[in-house]
Amino acid sequence: MNKMRSTFICVCSCFFVLGWIGCAPNMVSVSKPSIQTVDKPEYEIQFEPLKQGGKAFTVFRLTISNLSDTPLQIDWHKSPYLFNGRRRGMFVSKDSEPGNVHDPEKRFETIAPSKTYSKNIAPLELITYAYSKTTHYVEMSPFSAGPIPSGQSGIHLTFKLNNREYTERVTVTIKETEQK
């Protein structure tokens, strides 16, 4: 009788635990604003978190329009990832390779006058070097970009235009919310 009672309690406990796990909320990342824009007479910057194959943001799309009549030069070594107001390392992209992220030759990128540049970038600190098939990771050969955590994320973008150095802090707030 005690063995039967123990089995009954064990089975009921398993159903309770499985039911409780099944009721866990389905979380999804949201961004406020969905796209952050800086609009100046000489340039426009857009910073947008993107989901690529999952429910979490994994990369940012950085779009810069050079509205001037001179080249605009991004300094990637002076344009760190910001998380909750603090510098948290550099960004990488699909064309980055493990050995060249600190390469001085890859430091600058130039945008011609009256042209628009767009690139998907991910914080280096959130990169994994092994491909993962989970829904929160997206392959960015040779890297995989991990989920961007909840909080304020952004870029401290540094660039040269008309022989002058500019800096712009462009941020969005990412939150996990229950998907209904």
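Trainee: Glu48: buried or exposed?
Mentor: Glu48 is buried, with a relative accessible area of 19%. Buried means under 20% relative accessible area, exposed over 50%, and partly exposed in between (1.4 Å probe, protein chains only).

Trainee: What kind of model is this?
Mentor: This is a predicted model, where local features need pLDDT of at least 70 and side-chain atom pairs count only at pLDDT 80 or more, while totals for chains, interfaces and linings use all residues. Residues are numbered from 1 along each chain as its sequence is written, and side-chain values use heavy atoms, with hydrogens and water left out.

Trainee: Back to Glu48. Which side chain does it meet in a salt bridge?
Mentor: Arg61, at 3.0 Å, N to O. Glu48 sits in strand β3 (residues 43-50) and Arg61 in strand β4 (residues 59-66), so the pair ties together parts 13 residues apart in sequence. Arg61 is partly exposed, at 31% relative accessible area.

Trainee: What counts as a salt bridge here?
Mentor: A side-chain nitrogen of Lys or Arg within 4 Å of a carboxyl oxygen of Asp or Glu. Side chains of opposite charge can pair when their charged atoms come close.

Trainee: How many salt bridges does the structure hold?
Mentor: Six. One of them joins Glu125 and Arg88, at 3.2 Å, N to O. That pair links distant parts of the chain, 37 residues apart. Glu125 is in the loop between β10 and β11 (127-128), and Arg88 in the loop between β7 (86-87) and β8 (91-93). Glu125 is partly exposed at 37% relative accessibility, and Arg88 is partly exposed at 35%.

Trainee: And Glu109, which partner does it have?
Mentor: Lys119, in a salt bridge at 3.1 Å, N to O. Glu109 is in strand β9 and Lys119 in strand β10, 10 residues apart. Glu109 is partly exposed at 21% relative accessible area, whereas Lys119 is buried at 14%.

Trainee: New topic. Where does Ala112 lie?
Mentor: In the loop between β9 (108-111) and β10 (116-123). Ala112 counts as partly exposed, at 37% relative accessibility. Its C-alpha is 9.0 Å from that of Ser68, 44 residues apart along the chain.

Trainee: How many helices and strands does the chain have?
Mentor: One helix and 15 strands. Those are DSSP runs, numbered from the N terminus: helices are H or I, at least four residues, and strands are E, at least two.

Trainee: What share of the 180 residues is buried?
Mentor: 37%. Of the contacts (heavy atoms within 4.5 Å) with a separation of 6 or more, 66% come from residues 24 or more positions apart.
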